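User: I have a structure to go through. Can we take it step by step?
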Amino acid sequence: MHSDGGSPRRSRHALHALWLGLLSCASPTGAQKQQDSFAQVERVIAFADVHGAYDELAGLLRSVGVIDANLRWSAGAARVVSLGDLLDRGAGSRKAMDLLMRLQGEAGAAGGALHVVLGNHEAMNLVGDLREVTPAEFAAYIGEEPPGLRERLRGEWVARRGRGSEKGFDEHFPPGFFGQRAALSKEGKYGRWLLSLPAAIVIGDTLFMHGGPSQVLSGLSLQEINLRYRSALSEYLSALGGLMAAGLVDPGDPFEDRADLAERRLAAASLSDANALRERTDVLRRFIAADRDPMLDSDGPSWSRGAARCNETAESDVLRPLLAGLGVKRLVIGHTPTRDQRVASRFDGAVIELDSGMNRAVYHGHPAALLLEHDAARVFYADEDRPPAGIPAEPLYVSSPIPDDVVASVLTRGKVTVSGTRAPGTLDVVVELGGLRVPAAFVEARGTAMSRELAAYRLDRALRLGLVPATVPREVQGQQGFLQARPARWASQADVDAKSLQVGGWCAIPPQLELMDAFDAVIGNEGRTPERVLYDASDWMLLLTGHERAFGASKALPVFPPARAPRPGAEMRRRLATLDATSLVQAVGDLLSESERAALLARRDALLTAPAR
C-alpha cells in the first residue's frame, strides 16, 4: 500500500471505492450456453465497424430494408449481423447500441434475428482501455452520473494533488466518464449486453468474426472459441478488481501500464506480514496471466489482422483448416479497413473484408452492407445510387499502398528521379506517373544478372506469392539495369541484426521466412544473404531481392542449415504443384533456358517429397 496520509488517502480511497464498485459487478459468473450456429436462411445482411457513426448506420439499414422510416424492424425473417466495433471514434456509439438492442427484440418477434459479434473496441471499453473514446461519447452518459458525484471526486482529487490539478482530473475523467463506466460494467445496461455477445457465429456456410483467425484458434470448435473468449474477458475484469482491492492499481493509471505500475507499487510497499505480501503477489500474478491471455491479445479473434493483411500463401494454412473444421466455406470480417474503402474478397473468395470505413468523418469511406442470398454474395453501398453488385477480389499489394500491377506500370513508364547512391551500381530513385509516386531502387545489370532478377519476379507472380517487389528493365543515366519497387521505409535483415531492430507487426515473421526458404529452394538460390532480405518497416512484411545466383542448371536443392530445411505448408505445396513446362514457358520462357526450366521443375519435385511442416 502507498503510505499517503490524511485527506489525500481518503481521496484515493474514494476513487478506489467507486472503481471497485464498478469492477465488483464484473466478477465472472457461471458460463451460460448460448447458441452461436444457425441454419442457412433465405437472406443474410451484414455490416461492419460503425464506430459511433449512428446516422450512417441508420441510413444503411433503411437502404437495405432492415428498418423502416420509423427505425422499426422491417426485414422479416432475415438474419442481420453486426461485425462489432460499434464503439469509439464517433459520437453516436450509445445510440447505435440502443438501436441494435431494440432491433434484436423486434427481429425475434418477426421471425428474424439480429446478431452482434463482439469487436475489439467493445472489449477495450469493457476492460477500461478508453484511449479511443471521444469526449462526445463520454458526454452521452452525463445523465447517468449521480448528482454531485463529479464535483466531490474532483475536490478530493485536487485535495490530494494541489491547486491547478483540476485539468488533470478532467483529462483522466471527462464529463460522463463515471456514467459510462457504470453503464458498461457487468450490471450496467450496456456492459451486461456486451458481455453476452459472441466472438464468432456461423450462419449456414458462413463464419462471421470481427478480426479473424490465427493459430490461437487452431483446432477449436465454435463453442470453444466463444467460451474461451468470454472467460478471458471475465477473468481479466475479476483479476483487475483484485489489483484494485489490493491498492496496486489506481483508476487513473494508463491501461497499458497497469501491470508495470502494479509491480512497482508492490515492490515499493512496506509489508511486514508475509501472508499479505504473498496474497498481493498472487493477485498480481493472476492479473499478469489474464493480461497476457492470447484470446485478448493481437492474435485473438477480435484483434487478428492475418486474414485481411498477411500473405495469402502463408495465411491459408491458418484460415483453411479453421474453415474446414467449422464446416463453412467463407469468413466475413471487419476490423481492418480495406485499402480503398470498398468491400473486397481475398483467398479466392473465402474471405470477405467488410470494413469499408462507415464512419466517414474518420475514414472517408462508404457505409456498406453485405447481402447473402440466392447462393450469391453481393455488396450494397448506401451512398451510391446503384443496385447491389458482386464483390471484387482485392488486388495484390507488395511493398506499396498502390496495387502491384499499377506499381509495375509506373516503374515501366514513369519519370525516374535519382535521389541518391545506395551502393556502387545501386541508386535510390523515385518513379512518378499520373500523380502516383513509387520509391524504387535502380540496379545496374545486364545479361544473366538481369534475366534472373526478372525471372524471380515473374515466377513469384505466377505463384501469386508477393515476395519479390515489382521489377522491370529500365535504363537510368545511360546505364542498363532494372528498377525494383521499395517501400517508403524499409530495412534489410543486415540492418535488423546490426541495429538490434525490433521486428514484428500484424503478420508473423516465421511463416514468411518459410515461404522464402521454399522459394529459394525451387529457384536454386544460393545467394540469399541478410542484405537480400528486406522488410517493409511500416508492417514488417518480408521482401526478397538479389537473385543473380538463382536459376542454375543443378537439379539438387540448395544446402540449408538443418534447422531451416524447407518444409512448405499445404498452400505453398498446392501452388508449386501447379507449375509445369507450359506454365514455366509462359512465365519465364524468354528469361531461362530449357535446361534451367527443367532443373527448376526437378527441384520443385524434390521439395514436394520433403516432409511437410
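User: How many disulfides does the count come to?
Analyst: One disulfide, where the term covers a pair of cysteine sulfur atoms within 2.5 Å. This is a predicted model: local features need pLDDT of at least 70 and side-chain atom pairs count only at pLDDT 80 or more, while totals for chains, interfaces and linings use all residues. Residues are numbered from 1 along each chain as its sequence is written, and side-chain values use heavy atoms, without hydrogens and water.

User: Which residues does the disulfide join?
Analyst: Cys310 and Cys507, with 2.1 Å from S to S. Cys310 sits in the loop between helix 13 (306-309) and helix 14 (312-326), and Cys507 in the loop between helix 18 (493-499) and helix 19 (509-523), so the pair ties together parts 197 residues apart in sequence. Helices (H or I, at least four residues) and strands (E, at least two) are DSSP runs, numbered from the N terminus.

User: Is Cys310 buried or exposed?
Analyst: Buried, and Cys507 is too. Buried means under 20% relative accessible area, exposed over 50%, and partly exposed in between, with a 1.4 Å probe and protein chains only.

User: New topic. In what order do the strands of the sheet come?
Analyst: The order is 1-5-6-7-9-8, in an open sheet of six strands with mixed pairing. Two strands pair if DSSP finds at least two bridges between them. Strand 1 (37-38) and strand 8 (344-346) are at the edges with a single partner strand each, so one side of each has no neighbour in the sheet.

User: How many bridges join strand 6 to strand 7?
Analyst: Four, between residues 206-209 and residues 330-333, and the two strands run parallel. Leu207 stands opposite Leu331 in strand 7.
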